[in-house]
Amino acid sequence: KNIGYGKANGKIILMGEHAVVYGEPAIAFPFSATTITATIRPSDSFRLHCSYYKGSLEKAPFTLKSIKTLVQQLEKEYPIGPILIEIDSTIPAERGMGSSAAVAVAITRAFFDLLDKPLSQEELLAYVEHAEQIAHGNPSGIDAAATSGNNPIYFRRGQPFTPFDLNVEAFLVVADTGIKGQTRTAVKDVAYAVEMEHELVEPVMPRIHRLGQLTREAKEAISQNQVQKLADTMNEAQTHLKELTVSNDLLDTLIHAAIDAGALGAKLTGGGRGGCMIALTNTKEEAQVVCKALEKNGAVATWIQGLGVHTYA
Ligand code: MEV
């Protein structure tokens, strides 16, 4: 073979970000409106071409360090010689949509495709986990799990995850603040608060446990097709995420704007401090109204995703 292809989706966390780092459950789904493709072919030197960098892998900027490490690891185990890696992505980078995990998934798949070797899910996740440790510091693994699959998942750190039936008759609006999210520092700051908990007026761990409980309640609401109850869990989750300092002004503005425009629930999604927010509505028409309000209030892009199994068929 002289060319290898690999693909991955963006992802959206419906419930449980940050708390998932501490072993609480989270619900996420692959967001197929945004995808990433990696193409790998033999070359005369190791090169990387993506939208904002074209050059030698060695000299790639710091933000691409996780890719560099991943390729070094793959090459060490399977020395195939110099390669050109081309990345084509519609996943906005650093917006809580899992672009760093998705790029690692796509590259690993493309590499094995070029080798013409089968790649098990466990092997794939192990490679991606390693790359994510560099990108994120302390990844729970949810981004790797969600971006590599085709189904929503109910995820707990370190446990085998099962596909999850996200069959609720509702629509989800996703809006991009246009501000780079800061998953790494947000995760680090929460960890610092957990460490210093005894000195804080408001302890942090009870909030994290409550976020986990809200994810369980959201799961139940979904299985019973109770849209308002699901929305309530999202709204409460946002209050805790804000207290954990992982929201920011524009996210708060968009969340309020979504509720004012008729959304039943709204919260940030992913690492926070920028990135994306999500809002829940009953109908597609209501979702369209919410999108307009979000764009008026500063969102740079919006998407509408119907929930329910039909979406993933
Ligand atoms: C990032 O998409 C989700 C976080 O919970 C971090 C992680 O789980 O690795 C913030």
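Me: How much area is buried between domain 1 and domain 2, and what share do carbon and sulfur atoms give?

Reply: Buried area is the accessible area (1.4 Å probe) that two parts lose on being put together, summed over both. In this predicted model, the area buried between domain 1 and domain 2 is about 3,100 Å², and carbon and sulfur atoms give 65% of it. M15, H18 and R95 supply 23% of the area that domain 1 buries against domain 2, more than any other three residues. Local features need pLDDT of at least 70 and side-chain atom pairs count only at pLDDT 80 or more, while totals for chains, interfaces and linings use all residues. Residues are numbered from 1 along each chain as its sequence is written, and side-chain values use heavy atoms, with hydrogens and water left out.

Me: Where do the two domains lie in the chain, and how many residues of each are in contact?

Reply: Domain bounds come from an automatic or database domain assignment. Here domain 1 covers 4–163 and domain 2 covers 171–312. Contact means heavy atoms within 4.5 Å; by this rule, 34 residues of domain 1 are in contact with 43 residues of domain 2.

Me: How many salt bridges are counted between domain 1 and domain 2, and which residue forms a salt bridge with R95?

Reply: A salt bridge is a side-chain nitrogen of Lys or Arg within 4 Å of a carboxyl oxygen of Asp or Glu. Between domain 1 and domain 2 the count is four. R95 forms a salt bridge with D176, with the closest N and O atoms 2.8 Å apart.
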